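Work through the exercises below with the sequence and the model side by side. Each task is followed by a solution in steps.

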Amino acid sequence: MQPFKQLNGLVAPLDRANVDTDAIIPKQFLKSIKRSGFGPNAFDEWRYLDHGEPGMDNTKRKINPDFVLNQTRYQGASILLTRENFGCGSSREHAPWALEDYGFKVVIAPSYADIFYNNCFKNGMLPIVLQTAVIDTLFAQVDAIQGYKLNVDLVAQTVNTPSGDIYSFEVDAFHKHCLINGLDDIGLTMQQQDKIKLFEQKHQLAQPWLFQ
């Protein structure tokens, strides 16, 4: 997992509340557990005009011109601005996989489903909670200013706007540590590699018949 400290990124607005994980990545794409390759099917049912299935050539599918993420001005966005209860529904970890593979590094919303929120941190994404009034202001600014970018500073725990407004956000100290240092669950475990080897050596000496 790549370390995350700061991002100056283009913002894409998804002005919908209660976006569930089946909308983020539909169930038919859950056959793979590789963590990669889900980006082209993120928001598949909203993004394309036909029904998507694994193995389809997405470059030949008809896109939905009315879906906001298909607009030219939001191509290359790395920050997703959305509404309350984002990531609700099933607990599938494929949802943050799809968002991250699409290119999003930060999601900003008034609230999230708990499991999705925690899965974001485990996959290198930063979910930020800001008050609804602030979210409303950001939506208005994104709509008014083409190429609207935000500077997200995880170390300082701030979101900085082009006009100079600064919004602070809370983040758990453990999650912050993991993101800044690029540590997922495997990375955290590997920090204890010396202790694990020592345990294995002692275990083998104590019960050698298990290792024959």
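A salt bridge is a side-chain nitrogen of Lys or Arg within 4 Å of a carboxyl oxygen of Asp or Glu. The model is predicted, so local features need pLDDT of at least 70 and side-chain atom pairs count only at pLDDT 80 or more, while totals for chains, interfaces and linings use all residues. Residues are numbered from 1 along each chain as its sequence is written, and side-chain values use heavy atoms, with hydrogens and water left out.

**Exercise 1. Salt bridges**

Task: Find which residue forms a salt bridge with Asp-136, and work out which residues are joined with Asp-136 into one network.

Solution:
1. The partner of Asp-136 is Arg-83, with the closest N and O atoms 2.6 Å apart.
2. This pair links distant parts of the chain: Asp-136 belongs to helix α5 (residues 132-144), Arg-83 to the loop between β2 and α3, and 53 residues separate them. Helices (H or I, at least four residues) and strands (E, at least two) are DSSP runs, numbered from the N terminus.
3. Arg-83 also meets the side chain of Asp-15 in a salt bridge of 2.6 Å, N to O. Here the separation is 68 residues, with Asp-15 in the loop between β1 (6-14) and α1 (21-24).
4. Accessibility is sorted by relative accessible area: buried is under 20%, exposed over 50%, and partly exposed in between (1.4 Å probe, protein chains only). Arg-83 has 15% and therefore counts as buried, Asp-136 has 37% and is partly exposed, and Asp-15 has 52% and counts as exposed.
5. Another salt bridge joins Glu-100 and Lys-105 at 2.9 Å, N to O. Glu-100 is partly exposed at 27%, and Lys-105 is partly exposed at 29%.
6. Through shared partners, salt bridges join Asp-15, Arg-83 and Asp-136 into one network. The count of salt bridges comes to 7.

**Exercise 2. The sheet**

Task: State the order of the strands in the open sheet, and explain why β4 and β7 stand at the edges.

Solution:
1. Two strands pair if DSSP finds at least two bridges between them. The 7 strands form an open sheet with mixed pairing, in the order β4-β3-β2-β1-β5-β6-β7.
2. β4 (126-129) and β7 (166-168) each have a single partner strand, so one side of each is left without a neighbour in the sheet.
3. β1 and β2 run parallel and are joined by 4 bridges. Pro-13 has Leu-81 of β2 as its bridge partner, and Ala-12 stands opposite Leu-80 in β2.
4. β2 pairs with β3 (residues 106-109) in the parallel sense over 3 bridges, and Ile-79 is opposite Val-106 in β3.
5. From β2, Ile-79 and Leu-81 point one way and Leu-80 and Thr-82 the other way; all are buried.

**Exercise 3. The largest pocket**

Task: Describe which kinds of residues form the lining of the largest pocket.

Solution:
1. A pocket is an open set of points on a 1 Å grid over the protein atoms alone, where a 1.4 Å probe fits, with protein on both sides within 12 Å along at least five of seven lines; lining residues have an atom within 4 Å of a point.
2. The largest pocket has a volume of about 240 Å³, a volume being the space filled by probe spheres set on the points, which are joined across faces, edges and corners. Of its 14 lining residues, Met-1, Gln-2, Glu-100, Asn-123 and Gly-124 are the closest to the centre.
3. Helix α3 (residues 94-102) gives the most to this lining, with 3 residues.
4. The lining divides into 5 nonpolar, 3 polar and 6 charged residues. Ala, Val, Leu, Ile, Met, Phe, Trp, Tyr, Cys and Pro count as nonpolar, Asp, Glu, Lys and Arg as charged, and the others, Gly among them, as polar.
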